[in-house]
Amino acid sequence: MDSMSVTGICQVCEAAPARHACPRCGRAVCEDHWNDAAGACAACAQGRQQ
Ligand SMILES: [Zn+2]
Ligand SMILES: [Zn+2]
């Protein structure tokens with residue numbers, strides 16, 4: 001098993017393949033729901049206001 005690879009479906013939209021694992025909430029998310037600048041999923045990135 002490759003621990004660095006994310007498998008499965010995005011847990012936010014459940015429509016696209018997951019590409020990243022959020023270090024905050026642990027969810028696997030697709031490119032659309034990954035905030036590269038924040039290094040977290042879109043939900044976690046939004047939760048923290050600036
Ligand atoms: Zn998604
Ligand atoms: Zn998250």
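Which residues does Arg24 touch, not counting residues up to four places away in sequence? Arg24 touches Ala40 and Cys44. Contact here requires C-beta atoms, placed from the backbone, within 7 Å of each other.

The structure is a predicted model: local features need pLDDT of at least 70, side-chain atom pairs count only at pLDDT 80 or more, and totals for chains, interfaces and linings use all residues. Residues are numbered from 1 along each chain as its sequence is written, while chains are lettered from A and ligands numbered from 1 in the order in which they are written. The predictor's confidence in each residue, pLDDT, runs from 0 to 100. Its mean over the protein is 88. A value of 70 or more is reached by 86% of the residues. Where pLDDT is low, the predicted coordinates should not be read in detail.

The protein contains 1 helix and 4 strands. Both kinds of element are DSSP runs, numbered from the N terminus; helices (H or I) have at least four residues and strands (E) at least two. Their order along the sequence is β-β-β-β-α. Among these elements, strand E3 (residues 34–35) has the highest mean pLDDT, 97. Helix H1 (residues 42–47) has the lowest, 91.

Burial was assigned by counting other C-beta atoms, placed from the backbone, within 10 Å of a residue's own: 20 or more for buried, 12 or fewer for exposed, and partly exposed in between. Of the 50 residues in the protein, 20% are buried. Contacts between residues at least 6 apart in sequence were also examined; 5% of them join residues at least 24 apart.

The largest nonpolar core has 9 residues. Such a core is a set of buried Ala, Val, Leu, Ile, Met, Phe, Trp, Tyr and Cys residues joined through C-beta atoms within 7 Å. Its members are Cys10, Ala18, Cys22, Ala28, Val29, Cys30, Trp34, Ala40 and Cys41. At least two residues of this core come from strand E2 (28–29), and at least two from strand E4 (40–41).

Val29 sits in strand E2. It counts as buried because 26 C-beta neighbours fall inside 10 Å. Beyond its neighbours within four places in sequence, Val29 is in contact with Cys10, Gln11, Val12, Ala18, His20, Cys22, Trp34 and Cys41. Val29 and Val6 are 23 residues apart in sequence, yet their C-alpha atoms are 8.6 Å apart in space.

The segment before strand E1 (20–21) includes Ala15. Ala15 is exposed, because 9 C-beta neighbours lie inside 10 Å. Its C-alpha atom is 8.7 Å from that of Cys30, 15 residues apart along the chain. Glu14 is also found in the segment before E1. Glu14 is exposed, with 10 other C-beta atoms within 10 Å. The backbone of Glu14 has a positive phi of about 50 degrees, although Glu14 is not a glycine. Most residues other than glycine have a negative phi.

Arg24 lies in the loop between E1 and E2. With 14 other C-beta atoms within 10 Å, Arg24 is partly exposed. The C-alpha atoms of Arg24 and Cys41 are separated by 8.1 Å, with the two residues 17 apart along the chain. Ala45 belongs to helix H1, and its C-alpha atom is 9.6 Å from that of Arg24, at 21 residues apart in sequence. Ala45 is partly exposed, with 17 other C-beta atoms within 10 Å. Apart from its neighbours within four places in sequence, Ala45 is in contact with Asn35, Ala38 and Ala40. Ala40 is a contact of Arg24 as well.

Terms used:
Two residues are in contact if their C-beta atoms, placed from the backbone, lie within 7 Å.
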